[in-house]
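Please look over the sequence and the model shown below before reading on.

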Amino acid sequence: MPHTPALPPPAPIQQLHHYAYRAKDAEETRHFYEDILGLPLYHIIQSDVVPSTGEYCPYTHFFFRLQDGSFIAFFDLGDDVACEPSPNTPKWVNHISFRVNTIAELEAMKMRLEANGVEVLGVTDHHIFHSIYFFDPNGVRLELTAQLADEFQMLQESKTAHDRLNEWTKRKAQWRKDRAAGKSVAPLKPQQNDRPEFVKA
């Protein structure tokens, strides 16, 4: 049997570098992220050819910087076409969340967004953090979050995460078997409800 060399260990992934999305209009997007949210426009890449694929597709790729040095970035393809939402996924599922330092800052950002005509949901109490939710001009659902739980509490939470996910995976395997056998099955529900206050009586 041929010897297979050992794989190197995973490189330490330090932080998010950037998250990229399609923008209908670069200036509209710049106004929202820089003038309203306060993220400075930091870098632009423009080309007619996509380096990773070699295909011809003119674009302007522009980046806004967060406090930790990571970025949220966009592509304006120059055609005034918006990105379509996923047809099989509820609008609230796919989103990106940014952290602010305090509840007071969260509430101030809600006031600022609403003063600029942005519809905001929340403040929502998630127990370990509070959040507000809104959409950017491109249909990206955004969340601003103020963390309440400290590092020790989050460490305690991490100790049960694998067991809880393994239980979900085990139950999902049975759910798939039942579905394959032609049994009428509803979507799988979690084994534990962390938000019992929202359960209908």
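What follows takes up the charged side chains, a helix, a strand residue and a pocket in turn.

## Basis of the report

This is a predicted model, in which local features need pLDDT of at least 70 and side-chain atom pairs count only at pLDDT 80 or more, while totals for chains, interfaces and linings use all residues. Residues are numbered from 1 along each chain as its sequence is written, and side-chain values use heavy atoms, with hydrogens and water left out.

Across the whole structure a search finds 5 salt bridges, a salt bridge being a side-chain nitrogen of Lys or Arg within 4 Å of a carboxyl oxygen of Asp or Glu. In one of them glutamate 27 pairs with arginine 30, with the closest N and O atoms 2.9 Å apart; in another, arginine 30 meets glutamate 34 at 2.8 Å, N to O. Glutamate 27 and arginine 30 are separated by about one helical turn because they stand 3 residues apart in helix H1 (residues 26-36), and glutamate 34 and arginine 30 lie 4 residues apart in H1, again about one turn. Helices (H or I, at least four residues) and strands (E, at least two) are DSSP runs, numbered from the N terminus. An α-helix has 3.6 residues a turn, so residues three or four places apart point the same way.

Arginine 30 is buried at 18% relative accessible area, whereas glutamate 27, at 45%, is partly exposed, as is glutamate 34 at 26%. Salt bridges that share partners join Glu27, Arg30, Glu34 and Asp35 into one network. Here buried means under 20% relative accessible area, exposed over 50%, and partly exposed in between (1.4 Å probe, protein chains only).

## The ends and buried residues of H1

Aspartate 25 caps the N-terminal end of H1, where a side-chain oxygen lies 3.2 Å from the backbone nitrogen of glutamate 27. After H1 comes glycine 38, which has a positive phi near 85°. The buried residues in H1 include Thr29, Phe32, Tyr33 and Ile36.

Aspartate 178 forms a salt bridge with lysine 183, the closest N and O atoms being 3.7 Å apart, and aspartate 178 is buried, with a relative accessible area of 18%.

Glutamate 143, placed in strand S8 (residues 141-147), is buried yet has no salt bridge, and the nearest side chain of opposite charge, arginine 141, is 6.3 Å away. For this count Lys and Arg are positive and Asp and Glu negative, with His and the chain ends not counted. The side chain of glutamate 143 does make contacts with serine 131 at 2.5 Å and with threonine 145 at 3.2 Å, both to side chains and both polar (N or O atoms within 3.5 Å; within protein, one must be able to donate a hydrogen and the other to accept it, and residues adjacent in sequence count only if both atoms are side-chain atoms).

## The largest pocket

Which elements give two or more residues to the lining of the largest pocket? The largest pocket holds about 580 Å³ of space, and those elements are strand S5 (95-100) and helix H2 (103-115). S5 gives the most to this lining, with 5 residues. A pocket, on a 1 Å grid over the protein atoms alone, is an open set of points where a 1.4 Å probe fits, with protein on both sides within 12 Å along at least five of seven lines, and lining residues have an atom within 4 Å of a point.

Notes:
Grid points are joined across faces, edges and corners, and a volume is the space filled by probe spheres set on the points.
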